[in-house]
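Thanks for coming. I'll walk through one structure today, starting with a term we need and then going region by region.

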Amino acid sequence: MRSAWSTHRIREAEERVLAVTPDGALMRRAAWGIARQALAMLRERTGGVAGRRVLLLVGAGNNGGDALWAGAFLRKRAVAVDALLLAPERAHAEGLAALRSAGGRVVQAPTRADLAVDGIVGLSARGPLRPAAAEVVARLDAPVLAVDLPSGVDPDTGAVDGPAVTAAATVTFGGCKPVHFLAAERCGALTLVDLGLDLPDPDFGVLDRADVAAAWPLPGADDDKYTQGVVGITAGSSTYPGAAVLATGSAVRATSGMVRYAGSAAEEVNRRYPEVVVTGSVGDAGRVQAWVAGPGMGTGHPARDVLRAVLEQGVPVCVDADGITLLAKHPELWDARDPGVPVLLTPHDREFARVAEPRGIELGADRVAAAKALAAELGATVLLKGHATVVAGPDGRALVNPARSHWLATAGSGDVLSGVVGALLAAGLDPVLAGGAAAFVHVRAGELAAAGAPTSASKVVDAVPDAIRDVVG
Ligand SMILES: NC(=O)C1=CN([C@@H]2O[C@H](COP(=O)(O)OP(=O)(O)OC[C@H]3O[C@@H](n4cnc5c(N)ncnc54)[C@H](OP(=O)(O)O)[C@@H]3O)[C@@H](O)[C@H]2O)[C@@H](O)CC1
Ligand SMILES: [K+]
């Protein structure tokens with residue numbers, strides 16, 4: 001698992017190391033990491049390094065200092081290095097001296113380059129690129145290697161509010177920052193240079209394939225259809241059976257245990273998935289180890305009563321879509337649950353706001369903080385859908401699943417996710433892990449279903465087994 005720390009935590013840890021390290025040593029270590037990456041990119045893109053041209057974009061602080069030192073190292077490999085100083089009077093003095101004495105040039109306008117190094121701003125970034133930097137970046141035609149993070153993107157939230165760098169690669173130092181996962185597409189390939197920092201618990205973790213594989217429940221020799229966890233789905237309606245078919249189908253594809261469906265779309269669900277045990281109501285459904293409630297179930301009183309019946313059963317529940325709207329409209333529904341049993345909400349932004357705003361929690365640029373605050377307030381796990389999915393538990397733990405493509409922005413995609421979450425909750429996974437692993441497999445299923453062209457939620461359902469095979473295989 002990779003981890004991310006907000007900038008103030010990284011700074012505190014850096015200061016402890018700086019206090020016991022010779023002056024400039026950390027910066028030179030950071031800069032050497034950038035120079036190595038720059039050499040690799042030059043080699044890969046141009047077939048060599050000597051005589052290739054690198055343009056440094058140098059801002060007012062230590063981020064620019066890193067770039068200047070990296071330029072000095074590149075000069076030793078016979079790379080031609082030009083530095084464009086965006087705040088000449090505040091450029092890092094030692095870095096500039098090192099670059100000059102290594103034969104680098106200071107230029108007044110961007111020059112032709114095989115690679116640009118973005119040392120405009122790093123940990124101290126606030127807001128988008130300022131006009132002078134924005135103009136230079138807009139005119140670049142070389143690929144960009146970002147120092148620490150792409151300038152113009154908020155380091156702690158990944159928010160982009162105007163002009164910003166999109167990097168082909170980023171080299172960061174000490175520990176990853178939230179931007180690297182919340183705006184992964186702006187960062188390109190990420191490399192971490194170790195600075196020996198002693199870091200506290202991270203702000204959030206990022207599951208990798210091996211983590212999801214280790215967590216994914218696989219049937220063992222002693223398992224039968226019941227022991228793997230039975231998933232119950234209550235979703236859809238006779239008028240809108242689609243959500244029921246998608247959520248149930250996705251649970252069927254995500255587990256080899258049993259799936260039950262309770263609701264008025266029973267006939268359609270059974271026609272599409274004969275292996276599902278269907279019934280008209282939650283009360284008649286028989287025992288399950290987790291419920292998924294909400295997609296397409298409506299927001300009227302009958303649906304409210306169904307949701308209450310589900311929450312009263314004392315098993316983990318994934319509440320999605322209309323179920324979330326019902327919880328916002330009828331906060332007393334929370335009283336129906338046993339507080340010791342996990343509830344996992346899977347809102348998109350508007351659903352999140354419906355539940356959070358009456359409780360004084362705003363969904364601003366800091367999506368991780370908002371999800372954590374709502375999870376703590378509700379005593380529930382919150383999976384906030386979005387470009388990067390955030391899963392926050394009531395105990396302060398959080399996971400982020402960065403998006404790798406946009407194909408999942410399709411109708412019914414959320415119903416598919418809730419079915420996978422239900423399968424994992426029924427297998428007994430911790431809800432934060434269940435949310436994170438489901439989001440990971442959902443993204444993979446979306447990629448496989450799309451294969452580079454628009455797809456549909458039904459295809460994503462069908463791709464769930466391939467996604468699981470790809471992850472656990
Ligand atoms: N600490 C360490 O040990 C190590 C640190 N290291 C490196 O130091 C970096 C942090 O350096 P830092 O703190 O000097 O600030 P940095 O990010 O360069 O910003 C400089 C100034 O830019 C300005 N500015 C703000 N927003 C802006 C915008 N949108 N567009 C344009 N300009 C903007 C703002 O000044 P203002 O103009 O507002 O007065 C700000 O003060 C870190 O990311 C890493 O690369 C590594 O060497 C490892 C060891
Ligand atoms: K930067």
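Two residues are in contact, or touch, if their C-beta atoms, placed from the backbone, lie within 7 Å. Now the ground rules. This is a predicted model, where local features need pLDDT of at least 70 and side-chain atom pairs count only at pLDDT 80 or more, while totals for chains, interfaces and linings use all residues. Residues are numbered from 1 along each chain as its sequence is written, and chains are lettered from A and ligands numbered from 1 in the order in which they are written.

The overall layout comes next. The protein chain splits into domain 1, residues 2-203, and domain 2, residues 209-472; these bounds come from an automatic or database domain assignment. Their C-alpha centres are 40 Å apart. Nine residues from domain 1 and seven residues from domain 2 make the contact. On the domain 1 side, five of these residues are nonpolar, one is polar and three are charged. Here Ala, Val, Leu, Ile, Met, Phe, Trp, Tyr, Cys and Pro count as nonpolar, Asp, Glu, Lys and Arg as charged, and the others, Gly among them, as polar.

Now ligand 1. Which residues come nearest to it? Of the 28 residues around ligand 1, they are Gly61, Asn62, Asn63, Gly122 and Ser124. A residue counts as near if its C-beta atom, placed from the backbone, lies within 6 Å of the molecule. The shell divides into 14 nonpolar, nine polar and five charged residues. Helix α3 (62-75) is among the helices that each supply at least two residues, and α3 gives the most, with four residues. Helices (H or I, at least four residues) and strands (E, at least two) are DSSP runs, numbered from the N terminus.

UniProt, in an unreviewed entry, lists Asn63, Asp118 and Ser151 under "binding site". They span 89 residues in sequence, but no two of their C-alpha atoms are more than 9.8 Å apart, so they gather at one spot. UniProt positions follow the numbering used here, feature names are shortened, and annotations may be inferred rather than shown by experiment.

Are Asn63 and Asp118 buried or exposed? Buried means 20 or more other C-beta atoms within 10 Å of a residue's own, exposed means 12 or fewer, and partly exposed is in between, with C-beta atoms placed from the backbone. Asn63, in helix α3, is buried, with 25 other C-beta atoms within 10 Å. Asp118 sits in strand β5 (residues 115-119) and is buried too, with 31 C-beta neighbours inside 10 Å. Leaving aside neighbours within four places in sequence, the contacts of Asp118 include Ser151.

A further "binding site" annotation from the unreviewed UniProt entry covers Lys385, Gly386, His387, Ala388, Thr389 and Gly414. These residues are spread over 30 residues of sequence but cluster in space, with a largest C-alpha distance of 13.8 Å. Gly386 is in the loop between β16 (381-384) and β17 (389-392). It counts as partly exposed, with 17 C-beta neighbours inside 10 Å. Not counting residues up to four places away in sequence, Gly386 touches Asp349 and Arg367. Gly414, by contrast, lies in helix α15 (residues 413-426) and is buried, with 24 other C-beta atoms within 10 Å. With that sequence limit again, Lys385 is one of the residues that Gly414 touches.
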